Every structure is written in C-alpha cells, then in structure tokens.
Amino acid sequence: MTRDWHAWYRAYDDPDSGLSRRLATVRGALQGVLDAASGPVRLVSVCAGDGRDTLPVLDASDVEVTGVLVELDPELSARARAVAPGGIEVRTADAGTTASYADACPADVFLACGVFGNVVDDDIARTVAALPSLLTSGAHVIWTRGSRVSEDPTAYDGDPAELVRGFFADAGFEAVTLIADDDAGFRVGVHRWPGPTGVPGPGERLFDFV
Ligand SMILES: C[S@@+](CC[C@H](N)C(=O)[O-])C[C@H]1O[C@@H](n2cnc3c(N)ncnc32)[C@H](O)[C@@H]1O
C-alpha cells in the first residue's frame with residue numbers, strides 16, 4: 001500500500017470536507033449517467049475503496065446494474081462487499097492491471113475516481129488510451145483529479161484536469177462534463193466513448209500508485 005487509505009477515508013466523516021463534496025459530485029455524475037441509460041448497465045470501478053461513491057447510487061436507482069468493483073485493500077473491499085447489491089462483485093485485487101477486471105468488460109460505465117492523482121502522467125495517458133478496448137460504444141467514464149498544480153518542475157504545470165482531458169481527446173472521447181470546485185480542490189470529469197464496442201485483450205499493466 002502506498003499510503004494509509006484508512007486515514008484518507010476519515011475525511012468522508014466530515015460532510016463539509018472537500019472530499020465529501022467530491023463524493024457528492026461523483027455520485028451525482030453516476031446518477032446522471034444511470035438516469036440516461038436505456039437498459040441494463042454493466043459497471044466497472046477501479047480503486048473503488050469501500051464503494052461509497054457507487055453503491056448508494058446503485059441502491060437508489062431503478063436501473064439494473066451489474067459489474068465489478070476492484071479494490072486492493074482487503075478491509076475496504078470487504079466493507080464494499082458487505083453492502084454491495086446482487087449483481088455487483090467486489091474483487092480484492094490490483095486494479096493497475098486489466099487482468100483484474102477484463103472479464104467484466106466491455107463496460108457501459110467505468111469509474112476511475114481517486115486514481116489519476118496517485119499515478120504518474122504516463123500512467124494516466126496509458127490508462128485512458130486503453131479504455132476504448134474496455135468499453136461499449138456510447139459508454140461513459142467518470143474520473144476525478146485534484147486541482148493542485150504539481151510542484152515537480154519536470155511535470156505538467158497547468159491544471160492537472162486539463163492534462164487528463166487532453167488524453168481523453170487524443171484517445172477519441174467526447175467530453176460530456178467537467179465539474180470544477182476550486183475551494184474543495186477537485187475536478188470530476190465525464191467522457192463518452194463514441195467509437196465501436198471494445199474487445200478486452202489479455203491483461204495489461206496500466207498504472208502503479210506512487
Ligand atoms: C483515493 S482512494 C479512492 C477510493 C474511491 N474510488 C473514492 O473515490 O472514494 C484510492 C483507493 O485506491 C486503492 N488502491 C491503491 N492502489 C490500488 C491498486 N493497485 N488496485 C486497486 N486499488 C488500489 C486504495 O486502497 C484506495 O482505497
């Protein structure tokens with residue numbers, strides 16, 4: 001584990017924390033995508049934590065959702081598993097490799113929340129470039145990025161979300177929305193894959209947390 005994610009989660013205990021505001025925004029984005037769905041939805045969430053950005057939304061939705069949440073930490077994944085509805089499998093596994101969830105793809109909704117701020121830029125680019133093979137035509141990707149500009153002089157020195165959006169544009173995605181909250185320090189992006197349904201390949205290493 002790269003850091004104490006259990007401590008990180010405690011910011012969710014404060015409903016006014018920036019992280020709680022981000023959580024509400026991610027849930028709203030997922031709710032919006034489900035509301036617009038015309039049939040059953042297959043969902044994949046990588047680095048899913050205890051599932052609190054997805055599972056309450058699925059509970060409250062009339063849409064039939066199946067899929068997989070992938071979380072490395074056994075305690076967090078166990079918490080998610082304990083409350084996951086039928087049809088949602090929670091895997092205690094390394095989401096940095098597609099081998100952990102490729103069998104659950106192509107997905108209609110793919111969440112990468114709390115990921116891009118924890119990996120190097122090349123890994124973000126590699127992950128976004130691989131997404132079309134993991135998605136159905138018309139699928140949505142919900143992602144987050146902190147707003148803090150890197151202090152590393154060799155790193156990208158603009159709004160980090162713009163770098164991510166550039167990777168999505170390069171890969172052929174359509175930008176649906178970007179919700180930016182400077183006070184809370186986050187961006188939540190939604191992109192749509194307009195190309196053909198992908199064919200997941202054998203496992204591919206996409207990212208490592210730093
Ligand atoms: C920033 S949190 C985000 C959790 C959740 N998506 C959210 O936004 O509430 C990052 C999570 O990624 C998990 N994680 C770190 N490395 C991972 C890996 N290689 N595979 C799967 N999960 C990982 C951590 O345990 C942590 O729960």
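Contact, in these legends, means heavy atoms within 4.5 Å. Helices (H or I, at least four residues) and strands (E, at least two) are DSSP runs, numbered from the N terminus. The model is predicted: local features need pLDDT of at least 70, side-chain atom pairs count only at pLDDT 80 or more, and totals for chains, interfaces and linings use all residues. Residues are numbered from 1 along each chain as its sequence is written, and side-chain values use heavy atoms, with hydrogens and water left out.

**View A. Helix H6 and its cover.**
The buried residues of helix H6, which spans residues 160–170, are Pro 160, Ala 161, Leu 163, Val 164, Phe 167 and Phe 168. Buried means under 20% relative accessible area, exposed over 50%, and partly exposed in between (1.4 Å probe, protein chains only). The buried residues of H6 line one face of the helix, because they fall within an arc of 160° when seen down its axis. The arc is that of the directions from the helix axis to the C-beta atoms. Ala 169 and Asp 170 are exposed on the other side of H6. The cover over the buried residues includes helix H5 (121–130), strand S5 (135–146) and strand S7 (186–192).

What caps the N-terminal end of H6? The cap is Asp 159, with a side-chain oxygen 2.9 Å from the backbone nitrogen of Ala 161. After H6 comes Gly 172, which has a positive phi, near 95°.

**View C. Helix H5 and its two sides.**
Asp 123, Ile 124, Thr 127, Val 128 and Ala 130 are buried in H5. Down the axis of H5 these buried residues fall within an arc of 165°, so they line one face of the helix. The face turned away from the buried side of H5 carries Asp 122 and Ala 129, which are exposed. S5 and H6 are included in what covers the buried residues of H5.

**View D. Where H5 meets H6.**
The axes of the two helices, H5 and H6, come within 9 Å and cross at roughly 35°. Axes are lines fitted to C-alpha atoms, for helices over the stretch in contact, and angles run from 0 to 180 degrees between N-to-C directions. The crossing of H5 and H6 is right-handed. A crossing is right-handed if the near helix is turned clockwise from the far one by less than a right angle, and left-handed if anticlockwise. From H5, the residues Asp 121, Ile 124, Ala 125 and Val 128 meet Leu 163, Val 164, Phe 167 and Phe 168 of H6. By class, this contact has seven nonpolar residues, no polar ones and one charged. Ala, Val, Leu, Ile, Met, Phe, Trp, Tyr, Cys and Pro count as nonpolar, Asp, Glu, Lys and Arg as charged, and the others, Gly among them, as polar.

**View E. His 191 in strand S7.**
His 191 is found in S7. Is His 191 buried or exposed? With 2% relative accessibility, His 191 counts as buried. Its side chain makes a polar contact with the side chain of Trp 143, at 3.1 Å. A polar contact is a pair of N or O atoms within 3.5 Å; within protein, one must be able to donate a hydrogen and the other to accept it, and residues adjacent in sequence count only if both atoms are side-chain atoms. Setting aside neighbours within four places in sequence, the contacts of His 191 include Ala 139, His 140, Arg 165, Phe 168 and Val 176.

**View F. His 140 in strand S5.**
His 140 lies in S5 and counts as buried, at 18% relative accessibility. A polar atom of its side chain is 3.5 Å from the backbone oxygen of Gly 138. Beyond neighbours within four places in sequence, His 140 is in contact with residues including Val 33, Asp 108, Phe 110, Val 190 and His 191.

**View G. Two loops.**
Pro 106 is in the loop between strand S3 (88–92) and strand S4 (107–112). Cys 47 is in the loop between strand S1 (41–46) and helix H3 (55–60). Cys 47 is a residue other than glycine with a positive phi, near 55°.
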